[in-house]
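Subject: Structure handover and findings

Hello,

Here is the structure for you to look at. Please open it next to this email and follow along.

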Amino acid sequence: MLKVGVLISGRGSNMQALIAACDAVTFPASIACVISNKPDAKGLEHAKAAHIPTAVISHKDYADKQSFEAAIDAMFETHGVQLICLAGFMRILSPWFTEQWRDRLVNIHPSLLPAFPGLHTHRKVLDYGGKLTGCTVHFVRAEMDHGPIILQAAVPVLNGDDEETLAARVLRAEHQAYPAALRMIAENRVNVIEEKTFIADAAASGDAFYNPKS
Ligand code: GRF
């Protein structure tokens, strides 16, 4: 059973999807601890209701990024965390942290990386006129929204979409993609070789691509 720590800053709907997946008896991971850097993050309430240990570690309480990240690191170590999932965590992590947790730290981004990294993703897709977008689960490297891709899910951009409708369609895909990626990792099927992932079990390697109905 892989012990997972989740870092959030807000709503935490991806965290909820991970919690729901881990609730299934056959799922090979469990959520050991949820940390938010924001005391008022909505996701904290849901984690508490699910009886998951939570902590608020606010960057505002630390003199510098290094001590803030050391506190997060220590809290996850205390809970025996083996893998960290970023789920709407809005701080950029330092190279120290990303190296400390190299290949044990994953993120979900609401586009098909390397297209449209950064904020305001859906607006950028609409402005560009993209016809296909989606989400990417990837191992985290120091460079933002960058690192070996574990799984991608694609959804269409439809006529008449605005940021809200597109974000909602992508989010539904995220809620399927993140637990699916976590399952592959927890089953030890994801290997990183020369900054690319290879999914063990060739017959099932289609698991790394999702095309959810929207
Ligand atoms: C998601 O769209 C995720 O891809 C991005 O931030 C958003 C977080 O939403 N990194 P939530 O807090 O999981 O609901």
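Below is what was found in it, from the whole chain down to single residues.

First, the ground rules. This is a predicted model, so treat it as such: local features need pLDDT of at least 70, side-chain atom pairs count only at pLDDT 80 or more, and totals for chains, interfaces and linings use all residues. Residues are numbered from 1 along each chain as its sequence is written, and side-chain values use heavy atoms, with hydrogens and water left out.

**Overall**

The chain has six helices and ten strands. Both are DSSP runs, numbered from the N terminus: helices are H or I with at least four residues, strands are E with at least two. The C-alpha atoms fill a box of roughly 45 × 40 × 35 Å along the principal axes. The radius of gyration is 17 Å, which agrees with the value near 17 Å for a compact globule of 214 residues. That radius is taken over C-alpha atoms, and the globule rule is 2.2 Å times the number of residues to the power 0.38.

Buried residues make up 50% of the 214. Buried means under 20% relative accessible area, exposed over 50%, and partly exposed in between, with a 1.4 Å probe and protein chains only. Take contacts (heavy atoms within 4.5 Å) between residues at least 6 apart in sequence: 64% of them join residues at least 24 apart.

**The sheet**

Eight strands form an open sheet with mixed pairing. The order is β3-β2-β1-β4-β5-β6-β7-β10. β3 (54-56) and β10 (209-210) stand at the edges with a single partner strand each, so one side of each has no neighbour in the sheet. Two strands pair if DSSP finds at least two bridges between them.

β4 and β5 pair in the parallel sense, over three bridges. Ile84 stands opposite Leu105 in β5, and Leu86 stands opposite Asn107. Five of the five residues of β5 are buried, so this strand is largely enclosed by the rest of the structure. Both of its faces are covered: Leu105, Asn107 and His109 lie on one side, Val106 and Ile108 on the other. In a regular strand the side chains alternate between the two faces of the sheet.

Away from that pair, β8 (190-193) and β9 (196-199) run antiparallel and are joined by four bridges. Asn191 has Phe198 as its bridge partner. The hairpin has two residues between the strands, and Glu194 takes a positive phi near 50°.

**The cores**

The largest nonpolar core has 44 residues. Such a core is a set of buried Ala, Val, Leu, Ile, Met, Phe, Trp, Tyr and Cys residues joined through side-chain atoms within 4.5 Å. Val4, Ile31, Ile150 and Leu182 have the most contacts inside this core. Its largest share, eleven residues, comes from α6. The core draws at least three residues from each of domain 1 (1-101) and domain 2 (108-203); the domain bounds come from an automatic or database assignment.

Leu182 is worth a look. Beyond its neighbours within four places in sequence, Leu182 contacts Leu2, Val4, Leu18, Cys22, Phe27, Ala29, Leu83 and Cys85. A second, separate core has 19 residues, including Leu7, Ala55, Trp101 and Val140.

**Helix α1**

Eight of the eleven residues of α1 (13-23) are buried, so the helix is largely enclosed by the rest of the structure. Among them are Met15, Leu18, Ile19 and Cys22. The buried residues of α1 pack against β1 (2-8), β2, α2 (42-49), β4 (83-86), β5 (105-109) and α6 (163-186).

Ser13 lies in this helix. Is Ser13 buried or exposed? Ser13 counts as buried, because its relative accessibility is 15%.

**Ala29**

Ala29 sits in strand β2 (29-36). Its relative accessibility is 0%, so Ala29 counts as buried. Ala29 and Leu2 are 27 residues apart in sequence, yet 4.4 Å apart in space, C-alpha to C-alpha. Leaving aside neighbours within four places, Ala29 contacts Met1, Leu2, Val4, Cys22, Leu182 and Ala186.

Best wishes
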